[in-house]
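Subject: A structure for you to look at

Hi there,

Here is the structure I promised to pass on.

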Amino acid sequence: MFVVSENSSPAVEIKQFADLPLRPALLQVIEHVGYKVPSPIQARFIPAALTGKDIIGKAQTGTGKTCAFLLPIIQNLDPKLPGPQVIILSPTRELTQQIAEEAVRFCKPLGIPTVAIMGGERFDRQIRGLQEGAQLVIGTPGRIIDLQRRGSLQLGNIRFVVLDEADRMLDIGFRPDIERILRNTPSDRQTLLLSATLPDSVMRLALRYMDQPHTVDVSAEKLTVDKIRQTFFTVDEDRKFTLLKHVLVREQPKQCIIFTATKRGADKLFRMLSKSNLKNRLGVLHGDLAQGLRKNIMGRFRTGEIRVLVATDVVSRGIDVTGISHIINYDLPEDPESYVHRIGRTGRMGKDGVAIAFIVPGEGKQLTSIEMLMNTLVEEDFIPGFEAVRPREQRRAAQ
């Protein structure tokens with residue numbers, strides 16, 4: 001049970017979606033989709049967003065943020081107003097596609113046309129979707145601006161703007177594009193910003209382009225889902241692949257993402273694993289692959305045809321595949337927050353998950369930074385014969 005209160009209005013207990021002030025037709029769609037009990041971000045964000053105010057939502061990855069912003073927008077959207085009313089901005093093509101799929105589940109039964117706009121796809125198909133009257137537009141900032149320049153996308157009637165994974169969009173340099181889009185939308189729009197973290201860069205953007213935003217913060221004291229079991233192995237760099245094979249045999253993951261630091265490293269590891277008995281259940285995903293191929297690989301991963309996916313951080317945000325049982329950090333990310341987003345791909349919506357990290361000599365400080373950010377101690381695991389200098393021994397030696 002979650003308690004929601006807006007200003008001085010009486011508190012309302014939100015135990016199920018039926019307790020939310022949504023119209024019957026939308027509640028029927030929610031029931032048909034199979035949603036019953038809202039997650040914390042949904043139970044608090046949806047009532048706040050229904051007021052029409054600008055809202056900032058902070059929540060861990062994998063907690064249902066997409067549904068949290070879609071439902072109040074669908075509720076308040078005017079079906080009689082032609083053309084785009086909603087712009088949802090996301091940082092990657094994969095996340096854009098995922099949001100679009102979720103939007104279609106809710107919008108199609110209600111007769112609300114949608115279109116996904118992203119790079120790597122044909123312009124004519126996206127332009128046709130706009131010409132056919134799409135009211136809800138999901139896209140990456142660059143492609144949104146491209147269609148604006150072509151005169152194919154008009155923003156004059158936009159009533160809702162969503163900045164999803166805002167911290168990630170700023171990290172990869174989309175701030176100028178986001179600001180340009182916001183400046184070209186009506187000033188009386190409702191702006192919803194959702195993010196796993198709220199660094200100064202995100203708050204500056206919010207303060208400049210949002211009107212006295214209300215913050216809904218359901219981020220726990222620990223940044224990771226409690227049901228994710230986190231461990232690390234110490235290993236020399238030249239023995240990581242051999243250790244990986246042992247770990248895969250021991251763990252027998254239902255589905256697994258193996259994260260590498262670089263696209264070249266992902267391709268190399270994929271080729272090495274392709275020589276094993278996993279070759280028919282193996283995939284690789286990174287930013288240099290053609291969009292059609294990336295879409296095909298993600299589709300096969302969602303259906304379970306691909307069991308082990310080797311990937312870069314392109315899939316560390318917003319990819320909702322509920323069957324992922326294991327995350328393996330073959331290479332540690334450069335910053336601790338990226339580690340949190342990576343392991344958030346497992347343990348989705350309350351399910352158990354396992355996160356394993358390979359730590360090579362010299363990475364003890366990185367492990368310490370991760371533990372400090374999460375306010376938890378990552379357990380050390382062992383497979384005989386693979387121990388290197390242990391990170392905690394390195395730390396003691398440095399003191």
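Take I88 to see it at work: leaving out residues up to four places away in sequence, I88 touches F69, L70, I99, L136, V137, I138, G139 and V162.

Before going further, some background. This is a predicted model, where local features need pLDDT of at least 70 and side-chain atom pairs count only at pLDDT 80 or more, while totals for chains, interfaces and linings use all residues. Residues are numbered from 1 along each chain as its sequence is written, and side-chain values use heavy atoms, with hydrogens and water left out.

**The whole chain**

The chain has 15 helices and 16 strands; these are DSSP runs numbered from the N terminus, with helices being H or I of at least four residues and strands E of at least two. Of the 399 residues in the chain, 55% are buried. Buried means under 20% relative accessible area, exposed means over 50%, and partly exposed is in between (1.4 Å probe, protein chains only). Among contacts between residues at least 6 apart in sequence, 75% join residues at least 24 apart.

Two strands pair if DSSP finds at least two bridges between them.

Now zoom in on β4. Parallel to β4 run β7, paired with it over 4 bridges, and β6, also joined to it by 4 bridges. I87 shows both pairings: its bridge partner in β7 is V161, and in β6 it is V137. V86 and I88 point one way from β4, I87 and L89 point the other way, and all are buried.

In soluble globular proteins, nonpolar side chains tend to be buried together. Here, the largest nonpolar core has 43 residues, and F45, F69, I88, F106, L136 and L192 touch the most other members. Such a core is a set of buried Ala, Val, Leu, Ile, Met, Phe, Trp, Tyr and Cys residues joined through side-chain atoms within 4.5 Å. Among the elements giving it two or more residues are α1 (24-33), α2 (40-50), α3 (65-76), β4 (86-89) and α4 (93-107). There is also a second, separate core of 30 residues, which includes V137, L147, L163 and Y209.

Start with α4. Its 15 residues reach 20 Å from first C-alpha to last, close to the 21 Å expected at 1.5 Å a residue; the expected span is 1.5 Å times one less than the number of residues. Is α4 mostly covered or mostly uncovered? It is mostly covered, with 12 of its 15 residues buried. Those buried residues pack against α1, α3, β4, β5, β6 and α12 (291-303).

The buried residues of α5 are Q126, I127, G129 and L130. Seen down the helix axis, they fall within an arc of 155 degrees, so they line one face of α5; the arc is that of the directions from the helix axis to the C-beta atoms. Their cover includes β5, β6 and α6 (141-149). Just after α5, G133 takes a positive phi of about 100 degrees.

Last, find I46 in helix α2. I46 is buried, with a relative accessible area of 0%. I46 and V216 are 170 residues apart in sequence and 9.9 Å apart in space, C-alpha to C-alpha.

**Another sheet**

Further along, an open sheet of 7 strands has the order β12-β13-β11-β14-β15-β10-β16, with parallel pairing. β12 (282-285) and β16 (379-380) stand at its edges with a single partner strand each, so one side of each has no neighbour in the sheet. Strands β11 (256-259) and β14 (326-329) run parallel and are joined by 4 bridges, and the partner of I258 in β14 is I328.

Enjoy exploring!

How values were computed: Contact means heavy atoms within 4.5 Å.
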